[in-house]
Amino acid sequence: MTEKSFWKRVTGSGLLLPVMSLLLVMAVNIVFDILSGNNPFNFFMITLQQTTSNGSVLYGRIIDVLNRGSEAAILAIGMTLVVSSSAGTDISVGSVMSLCASFCCMLLAGYGVSSTNELAVPLVVGVLGGILMGSVCGAFNGTLVAYFRIQPMVATLILYSAARAVGLLLCNDLIVYVRNSSYAFFGSFLGPVPTPIVITAVCVAVITILLKKSALGMYIQSVGINAKASRISGLNSRRIMFLTYVLCGTFAGIAGIVASSRITSADSNNIGLYLEMDAILAVALGGNSLGGGRFNLAGSIIGAYTIQAITTTLYALGVSTTQAPVFKAIIVILIVAVQSEPVRAYMKKRRLARAAREGGAV
Amino acid sequence: MEENVVLMARGITMTFPGVRALENVDFTLRRGEIHALMGENGAGKSTLIKCLTGINDFEAGEIRIAGINGPVKNHSTKDAQSVGISTVYQEVNLCPNLSVAENLFIGREPLTALRTIDRRSYNTRSQKIMDDLGIAVDVTQNLENYSLAIQQMVAIARAVDMDCKVLILDEPTSSLDDEEVEKLFVLMRRLKNQGVGIIFVTHFLEQVYAVCDRITVLRDGHFVGEYLIEDLPRVKLVAAMMGKNLDDLEEIGKENVRDISKNPIEISARGLSHTGTVKPFDLDIRKGEVIGVTGLLGSGRSELARAIYGADKASTGTLKVDGKEVKISQPIDAMNLGMGMLPDDRKAEGIIGDLSVRENMILALQARKGMFKPLSRAKQEEIVDQYIDLLQIKTANKETLVKQLSGGNQQKVILGRWLITQPDFLILDEPTRGIDVGTKAEIQKLILKLADEGKSILFISSEISEMLRTCSRMAVMRDGEKVGELDHDLTQENVMKAIAGGEQKND
């Protein structure tokens, strides 16, 4: 047992089940395509399509999953960190997305303006302002959780209910339209690639580098596992917890800009609606314990895309939009059950028993 | 099965991934005996107990219980209870905010004809149970109003009342003081006379000789032997546990006669206090000195150390390190001044269970370097390897989660965490609690070695003999107050007298 086999590495990394779940969803697509007489690999087909506004762009179901899943994936990054450090979830991220979008559009259009073609301030000011608003919301949540020691669910419930309303207030109760191609960029295409995919990739890259090039990852997990012991060992447990909420809010801000840019407006009532649930589910599907501690960021992101893949698959299967959540729920139940402790223990027992039998036979 | 035998385990074998935790272990418990289960950390005591109580699923062997035909295999503690095996752990697993009576009957409340809880018989029955066992409590009071010892006895009473034939006591005395231990022993003897078979796991050798009738020794997952207490004097027991003849503890006796009176003062506290736990105290510690802080549990000895280290921020007073006045508001400040602290509660404040051995050991050094100056993986492994080697930590590898290690090895990991930071002043609060004799001796030697290297050490232990071996001076705590210092005639008797208070104050 000197060399770890590839299989051992995969199973040991905790990514096996999230990846299997995603593969399962893809397999459903293949089966469906075979049954309906299409190319079996329709799901994976990527073609170049000509569009009038953006030239030739990538097109295909898998691109659609990556594109539409961007917001959930970006939120899942922050959510993973928050869950790890505080054993709680930030349920305000969907509302914060909406608030950030409103703030950004308000800056770009000017207060009280409901529709504009010209930007009132430079694009970068509006976008950074929106993202910064996310950080501020995160700091607010973080202060309540880390310093006032309020349960995360309760602390983030405040912005969950208030942020959308604040957004509407900023927009003077209007849906603000920013009909400007430079703003639409974040929701459209960079060359042939949908910009949200690029933005998600950049977010993942930045956080990965941050975790790799600093001790942040170990700090967050350490605080999440045992905050008291971490403090005795010299970590500022509260500050680290606070930091994860700020990061989570910041990512919510970025996701809000993407969502708003797609529709070139700040639709306070609909942007990010229920997305906090997808983000939390993504963390769980990624094999992370919502009890905090050890985290697996790659798992969460795969989880986010799995959710989107399920949605896209259901639409491709012709399930109606109103019924899709039912099927989504069934699939989620299956995935979560497979990853649950008793099922894992059972599998492990069987594996051990088999190993023992084989060992005995030799 | 022999007459009188209530529990018989034969050939128990249990494997964890990569480790054979138990190999062909036998254990026999008779009616009305107190049977010590002894072994070093990692010898397999806990594993065996978990096999008996259904927490572990053993692979081979069988367990037989008096009155039950055929082998018994428990799959949960509930199964175990139904065949008459009850366990009381070191940590009391009861509800402090419920009354003693409620705790006794939780989950099996007496019911009235209407299937509601019969509160009246509840309290009278509880009182009778406690009276019968000679435990003086008011069963209507909340459990949290009683000392840990009483809470433990309530746990035992609950176990016994559930018709148990086999009572397993897993390190019940670790957090009790001498007087409380004695009370517990009275209860154990009473139960023994009632015919209960008791399995007693402890690290305190003297306690074994105080109450036990028989000893079973395990070593490295193997059964070493079963002995009558009178056939196995202390030295032989230690030898059986360690697998070698050694009187290590006696060896490090008198070698600590180093003159440190010329050494500069490293730590100097004046009027330091923490509201509610420790009254203002003065304390000077010289470079290379091992100072002991002694006193009963709860006398403020841990709190004194915590106030210096900033684990509890000092409310009043000043602290000088190397002659310079410093402000410590949290542990990292103390660490930056070259301090380290191994806290007494290993589980709550020491180990970070779900992190690996490597991460646990590197944590303090990393925290001192700062978040944005991460140690490279290669560097981490190099350091960790060195200290695993130095402290002889038994772990499958560096990436094993620390919670999978035995208690003593976890303690060594935390010790390693601090040694890696090369501290000038190290606080060791009960570093040897729940640790086997061999490791204890190692840690004591290590303390003396560190002092030789010029490090200052503040050592807290419930075992006076251990402190006598290592400390050149002792501060005595009573009721949150530092009541004196002993620096000559350090004998068990003098220290006891000082702790107890009364006529003499030797300073």
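1. Buried residues make up 48% of the 362 residues in chain A. A residue is buried if 20 or more other C-beta atoms, placed from the backbone, lie within 10 Å of its own. The model is predicted: local features need pLDDT of at least 70 and side-chain atom pairs pLDDT 80 or more, while totals for chains, interfaces and linings use all residues. Residues are numbered from 1 along each chain as its sequence is written, and chains are lettered from A.

2. Chain A has 16 helices and seven strands; these are DSSP runs numbered from the N terminus (helices H or I, at least four residues; strands E, at least two).

3. The C-alpha trace of chain A spans about 80 × 65 × 35 Å along its principal axes. A compact globule of 362 residues would have a radius of gyration near 21 Å, and the 22 Å of chain A agrees with this. The radius is taken over C-alpha atoms, and the globule rule is 2.2 Å times the number of residues to the power 0.38.

4. The axes of H10 (residues 216–225) and H12 (residues 237–262) of chain A come within 10 Å and cross at roughly 110°. Axes are lines fitted to C-alpha atoms, for helices over the stretch in contact, with angles from 0 to 180 degrees between N-to-C directions. H10(A) and H12(A) are therefore roughly perpendicular, a term for angles of 65 to 115 degrees.

5. Where do H10(A) and H12(A) meet? Tyr219(A), Ile220(A) and Val223(A) in H10(A) meet Ser237(A), Ile240(A), Met241(A) and Thr244(A) in H12(A); contact requires C-beta atoms, placed from the backbone, within 7 Å.

Terms used
Parallel < 35°, antiparallel > 145°, perpendicular 65-115°, else oblique. Contact = placed C-beta atoms within 7 Å. Buried ≥ 20, exposed ≤ 12 C-beta atoms within 10 Å, placed from the backbone.
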